[in-house]
Amino acid sequence: QVQLVESGGGQVQAGGSLRLSCAASRSIVSMNAMGWYRQAPGKQRELVATIPTAASTTYTTSVKGRFTISRHNAKNTVYLQLNSLKTEDTAVYYCNAVFGWYGYWGQGTQVTVAS
């Protein structure tokens with residue numbers, strides 16, 4: 001019902017920045033929440049940031065002050081600005097949408113931070 005396409009990943013040096021985009025196939029205004037997760041090699045997928053429709057944005061402790069989640073409703077797009085990147089931020093980043101009782105995932109975009 002909902003397709004999510006991430007883009008903007010790549011390889012950067014530590015301290016650099018990237019801007020990830022998640023384009024949804026339908027209005028994100030109708031979603032209960034949008035968010036970003038990430039999964040590093042050999043580790044579990046973890047929640048990075050959320051931007052609920054009816055609540056405040058949230059961030060995992062390790063990215064507070066460095067990452068910013070935002071949305072442009074008219075473009076049906078959610079963004080994740082990654083600043084001051086660290087090698088530990090290296091992971092595949094996944095867009096997530098919650099719509100009613102269902103959750104949807106994008107295919108992921110690779111972020112690699114080199115030392």
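Which residue's side chain meets that of arginine 38 in a salt bridge at 2.7 Å, N to O? The partner is glutamate 46, and the report comes back to this pair below.

## Ground rules

This is a predicted model, in which local features need pLDDT of at least 70 and side-chain atom pairs count only at pLDDT 80 or more, while totals for chains, interfaces and linings use all residues. Residues are numbered from 1 along each chain as its sequence is written, and side-chain values use heavy atoms, with hydrogens and water left out.

## The four-stranded sheet

Let's start with an open sheet of four strands, ordered β1-β3-β8-β7 and paired antiparallel. Strands here are DSSP runs of E with at least two residues, numbered from the N terminus, and two of them pair if DSSP finds at least two bridges between them. The edges are β1 (4–7) and β7, each pairing on one side only. From one strand to the next the twist averages 15°, with axes taken as lines fitted to C-alpha atoms and angles running from 0 to 180 degrees between N-to-C directions.

Going across the sheet, β1 and β3 share four antiparallel bridges, and leucine 4 has alanine 24 as its bridge partner in β3. Next, β3 and β8 are antiparallel over six bridges, with alanine 23 opposite threonine 77. β8 is mostly covered, with five of its six residues buried (buried is under 20% relative accessible area, exposed over 50%, partly exposed in between, using a 1.4 Å probe and protein chains only).

Serine 21 sits in β3, which spans residues 18–24. Serine 21 counts as buried because its relative accessible area is 18%. Neighbours within four places in sequence aside, serine 21 is in contact (heavy atoms within 4.5 Å) with Val5, Glu6, Ser7, Trp36, Thr77, Val78 and Tyr79.

## The nonpolar core

A nonpolar core is a set of buried Ala, Val, Leu, Ile, Met, Phe, Trp, Tyr and Cys residues joined through side-chain atoms within 4.5 Å. The largest one has 30 residues, and Leu4, Met34, Trp36, Leu80 and Tyr93 have the most contacts inside it. At least two residues of this core come from each of β3, β4 (33–39), β5 (46–52), β7 (67–72), β8 (77–82), β9 (91–99) and β11 (109–114). The largest share, five residues, is supplied by β9.

Leaving out neighbours within four places in sequence, its contacts include Leu4, Cys22, Ile28, Ile51, Ile69, Val78 and Cys95.

## Loops and positive phi

Which way does phi go at asparagine 76, positive or negative? Positive: it is near 55°, in a residue other than glycine. Asparagine 76 belongs to the hairpin of β7 and β8, which has four residues between the strands. Serine 84, in the loop between β8 and β9, likewise has a positive phi, near 50°. Serine 84 counts as partly exposed because its relative accessibility is 40%.

Alanine 40 is in the loop between β4 and β5. Alanine 40 and valine 111 are 71 residues apart in sequence, yet their C-alpha atoms are 9.6 Å apart in space. Beyond neighbours within four places, alanine 40 is in contact with Thr90 and Ala91.

## Salt bridges

A salt bridge here is a side-chain nitrogen of Lys or Arg within 4 Å of a carboxyl oxygen of Asp or Glu, and the count comes to three. Arg38, Glu46, Arg66 and Asp89 are linked in a network of them. Back to the opening pair: arginine 38 is buried at 5% relative accessible area, whereas glutamate 46 is partly exposed at 31%.

Arginine 38 also has a salt bridge with aspartate 89, the closest N and O atoms being 2.9 Å apart. Aspartate 89 lies in the loop between β8 and β9 and arginine 38 in β4, so the pair ties together parts 51 residues apart in sequence. Aspartate 89 is buried, at 0% relative accessible area. Aspartate 89 bridges to arginine 66 as well, at 2.7 Å between the closest N and O atoms. That pair links distant parts of the chain, 23 residues apart, with arginine 66 in the loop between β6 (58–59) and β7. Arginine 66 is buried, as is aspartate 89.
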